Amino acid sequence: MNNIKKSTGARQKVVFDSVEATYPGGVVVDNTDALARYTDKILPAGTVVVSNGSGGWKVLNVALTAPLLATAIGLVQQDIAIEDFTQSSVVTSGTARIDALPSLEKTGIALLKAALPRITFI
């Protein structure tokens, strides 16, 4: 029992009640917007992933709009560290909790529901 240590800091929020499908193989997220939006270098679960226009993927660092979400593929499955090659699993179908989403996604929930019809938001 001497080696048990209490962890400190924030705990990961449970964003998904169920995950029915993910993007095959995951995606490598471009770090530019991710680091600008999340200065703590942690990409939280529930962040929307969209195309960067050149065959890659990125997160949005601006308010959500329908044109920006036209290429959305899903939401980041779990918190991950933003590194040189940030590889993430992306949920494309399942059930997500609105209260556990990051701030931009929470405020743009109506747009997310339209852009990601295979994800049920509760």
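## Asp17 and Arg97

Arg97 is partly exposed, with a relative accessible area of 36%, in this structure, which is a predicted model. Its salt-bridge partner is Asp17, and the closest N and O atoms of the two residues are 2.6 Å apart. Asp17 lies in strand S1 (residues 16-22), whereas Arg97 belongs to the loop between S9 and helix H2 (103-107), so the pair ties together parts that are 80 residues apart in sequence. Asp17 also counts as partly exposed, at 40% relative accessibility.

## Two further salt bridges

The structure holds 3 salt bridges. Side chains of opposite charge can pair when their charged atoms come close. One of these bridges joins the side chains of Lys58 and Asp33, with a distance of 3.9 Å from N to O. Because Lys58 sits in strand S5 (residues 57-59) and Asp33 in helix H1 (residues 31-37), this pair ties together parts that are 25 residues apart in sequence. Lys58 is partly exposed, with a relative accessible area of 24%, and Asp33, at 23% relative accessibility, counts as partly exposed as well.

Another bridge is formed by Arg37 and Glu105, whose closest N and O atoms are 2.6 Å apart. Here two helices are involved: Arg37 lies in helix H1 and Glu105 in helix H2, so the pair ties together parts that are 68 residues apart in sequence. Why do Arg37 and Glu105 count as buried? Buried means under 20% relative accessible area; Arg37 counts as buried because its relative accessibility is 14%, and Glu105 counts as buried because its relative accessibility is 0%.

In soluble globular proteins, nonpolar side chains tend to be buried together. The largest nonpolar core in this model has 20 residues, and the members that touch the most other members are Val48, Leu69, Leu75, Leu112 and Phe121.

Conventions:
Residues numbered from 1 in each chain as written. Predicted model: local features only at pLDDT ≥ 70, side-chain atom pairs only at ≥ 80, totals over all residues. Heavy atoms only, no water. Core = buried A, V, L, I, M, F, W, Y, C linked by side-chain atoms within 4.5 Å. Buried < 20%, exposed > 50% of the residue type's maximum accessible area, 1.4 Å probe, protein only. Salt bridge = Lys/Arg side-chain N within 4 Å of Asp/Glu carboxyl O. Helix = DSSP H or I, 4+ residues; strand = E, 2+ residues; numbered from the N terminus.
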